[in-house]
Amino acid sequence: MILKIRSYIWRIKVNREKTIEVIKECLPAARFKHSLAVAVTAEKLAWKEGLAVDKAYLAGLLHDYAKGYSEEELKRLARISSWYIDQEEMSIYQLLHAPVAAYLVEKELGIDDSQILEAIRYHTIGSPDMGKLAVIIYIADFIEPSRDFSGIDKIRKEVDQGLDYGILAITNHILRYHLDHNRVIHPNTLALRNAYLRRIYDE
Ligand SMILES: Nc1ncnc2c1ncn2[C@@H]1O[C@H](COP(=O)(O)OP(=O)(O)O)[C@@H](O)[C@H]1O
């Protein structure tokens with residue numbers, strides 16, 4: 001039993017170290033630091049929620065795997081990706097690194113865990129149907145310690161109240177930001193916000 005646990009811990013450690021190397025290679029320094037911070041934040045949230053901390057760490061580490069690609073490359077990879085990408089998402093190339101990362105992480109790194117892939121795929125626009133690991137990555141990406149903008153302290157407090165409150169605060173913030181800056185908004189974020197608003201008030 002003890003040997004089994006040791007071998008499991010060893011495999012997780014190797015897996016982590018190898019993945020950290022891969023991410024360090026493919027991302028600029030600041031984005032690599034952000035990915036490490038998302039991994040650690042996701043791990044803490046997963047621990048609090050009783051989820052698999054190793055999966056949360058890996059998903060956090062990998063979520064921006066395609067962030068270094070050009071607009072042209074993202075569009076090309078999005079077209080051949082195995083993930084469904086609607087026209088609205090296709091038309092905002094800044095969103096494409098998420099589905100493209102989910103596609104490449106499976107294809108290039110052989111990671112086929114459906115929860116990890118879902119978390120990577122929806123980490124930017126979100127989805128009302130996201131599982132708990134995806135919810136954690138969506139939140140961790142927004143609140144990791146180096147994120148610093150007006151309103152972040154309130155959002156962190158909401159996350160402390162529970163993941164549902166965290167999602168509501170984050171989606172409200174994203175929607176407000178895009179409205180104020182006259183930007184196109186992908187509808188998933190509004191659908192996510194409405195679903196979690198109902199969950200909270202129908203409790
Ligand atoms: N629902 C949305 N509709 C349109 N653009 C969005 C939406 N959500 C996020 N974005 C934009 O997509 C880009 C990438 O977001 P994200 O992956 O969270 O980036 P970062 O980690 O660099 O903050 C950002 O410019 C963000 O403002």
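A residue counts as near a molecule if one of its heavy atoms lies within 4 Å of it. With that in mind, here are some close-ups of a predicted model.

**Figure 1. The residues around the ligand.** Of the 15 residues around the ligand, the nearest are Arg31, Thr124, Arg147, His186 and Thr189. The shell holds four nonpolar, seven polar and four charged residues; here Ala, Val, Leu, Ile, Met, Phe, Trp, Tyr, Cys and Pro count as nonpolar, Asp, Glu, Lys and Arg as charged, and the others, Gly among them, as polar. Numbering starts from 1 along each chain as its sequence is written.

Figure 2. Look for pairs of N or O atoms within 3.5 Å. A ligand nitrogen is 2.6 Å from an N or O atom in the side chain of Thr189, and a ligand nitrogen is 2.8 Å from a polar backbone atom of His186. At Arg31, an N or O atom of the side chain is 3.0 Å from a ligand oxygen. Side-chain values use heavy atoms, leaving out hydrogens and water, and side-chain atom pairs count only at pLDDT 80 or more.

**Figure 3. Confidence in the chain.** The mean pLDDT (the predictor's confidence in each residue, from 0 to 100) is 94 for the chain, and 93% of its residues reach 70 or more. For the complex, the predictor gives an ipTM of 0.94 and a pTM of 0.94.

Note on methods:
A polar contact is a pair of N or O atoms within 3.5 Å; within protein, one must be able to donate a hydrogen and the other to accept it, and residues adjacent in sequence count only if both atoms are side-chain atoms.
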